[in-house]
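Dear colleague,

I am passing on the structure we talked about, together with some notes on what I found when going through it. Please look at it alongside the text below.

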Amino acid sequence: MTAVAVEAPAALPEWNGRLVVRAAGRPVLHIGAEGVAAPMVPVFTMALECASDAERAPGVRPWGGPVTEASICPACLRSLRGEPEPEAPRLVTAGIAEALPEPGPEPVRGGHRLQAVPDLPVYAEAPLPAEHGGRPITWSRWTTVPVITHHDPSCEWCGDPGPGEMAGGRQGNPMSRTDPLRRYMAYRCTACQEMTTYEQVGGDLQTIAHHKSRAPKDCNR
């Protein structure tokens with residue numbers, strides 16, 4: 001089979017009268033350099049539009065089949081149209097850190113600049129009373145207050161949804177007549193540290209201490 005000059009359709013006039021060949025072992029088609037004649041046999045020294053140095057051009061063979069833009073070598077098309085070569089990707093050496101680009105202006109959404117929301121302030125933990133009535137109180141660790149149905153666990157001061165924490169205390173000895181056993185309860189808000197301490201007297205709770213919060217009123221609602 002002999003390669004022939006292919007006349008391109010009207011949409012691609014740059015192919016008119018230019019030789020089209022196929023690279024050996026590759027489906028892509030190449031366009032011969034200007035003035036190159038059609039070879040009679042496969043050759044390895046034909047100048048192409050994308051490789052003007054014939055000694056470095058790929059081996060080609062004559063082509064007489066259909067030709068479309070998608071089937072032609074992109075480099076040949078760029079050369080014919082006078083388009084620049086695409087920028088080669090920049091290689092980055094592994095293990096070498098690169099400086100990040102400077103941040104641009106803050107995006108504007110709906111005419112308002114985005115603002116960072118500051119973290120909620122953290123208040124110092126409320127101190128449990130160490131004694132009452134001149135006698136020391138031994139306290140348990142703080143535990144989460146059980147959620148009771150139909151009871152709002154939010155803090156009455158700051159509005160934090162809760163639930164808060166509670167601790168139990170004891171004083172005296174159940175076997176002693178001079179230092180009888182007394183029980184205490186403490187409830188606190190983990191957000192604003194509002195805390196009230198009670199003494200259990202029979203079935204009632206009597207307030208013995210109150211730690212007022214330093215947080216603004218209703219700040220967590």
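Which residues of helix α1 (residues 74–81) are buried? In this model, which is a predicted one, they are A75, C76, L77 and L80, and the elements that cover them include β2 (18–23) and β3 (29–31). Just after α1 comes G82, whose phi is positive at about 75°.

As for the chain in general, the secondary structure consists of 1 helix and 14 strands, and of the 221 residues in the protein chain, 28% are buried. Among the contacts with a separation of 6 or more, 45% are made by residues 24 or more positions apart. The accessible surface amounts to about 15600 Å², with 55% of that area belonging to carbon and sulfur atoms.

I also looked at the strands towards the end of the numbering. Strand β12 (residues 182–188) pairs with strand β13 (residues 195–201) in the antiparallel sense over 6 bridges, and in this pairing Y184 stands opposite E199 of β13. The two strands, β12 and β13, form a hairpin with 6 residues between them, and in its turn Q193 has a positive phi of about 70°.

On to β14 (residues 204–211), which pairs with β13, again in the antiparallel sense, over 7 bridges, with T197 standing opposite A209 in β14. The hairpin of β13 and β14 has 2 residues between the strands, and G202 there takes a positive phi near 65°.

Best regards

Terms used:
Residues are numbered from 1 along each chain as its sequence is written. This is a predicted model: local features need pLDDT of at least 70, side-chain atom pairs count only at pLDDT 80 or more; totals for chains, interfaces and linings use all residues. Side-chain values use heavy atoms; hydrogens and water are left out. Helices (H or I, at least four residues) and strands (E, at least two) are DSSP runs, numbered from the N terminus. Buried means under 20% relative accessible area, exposed over 50%, partly exposed in between (1.4 Å probe, protein chains only). Contact means heavy atoms within 4.5 Å. Accessible areas come from the Shrake-Rupley method with a 1.4 Å probe; for residues, only the protein chains shown count as cover. Two strands pair if DSSP finds at least two bridges between them.
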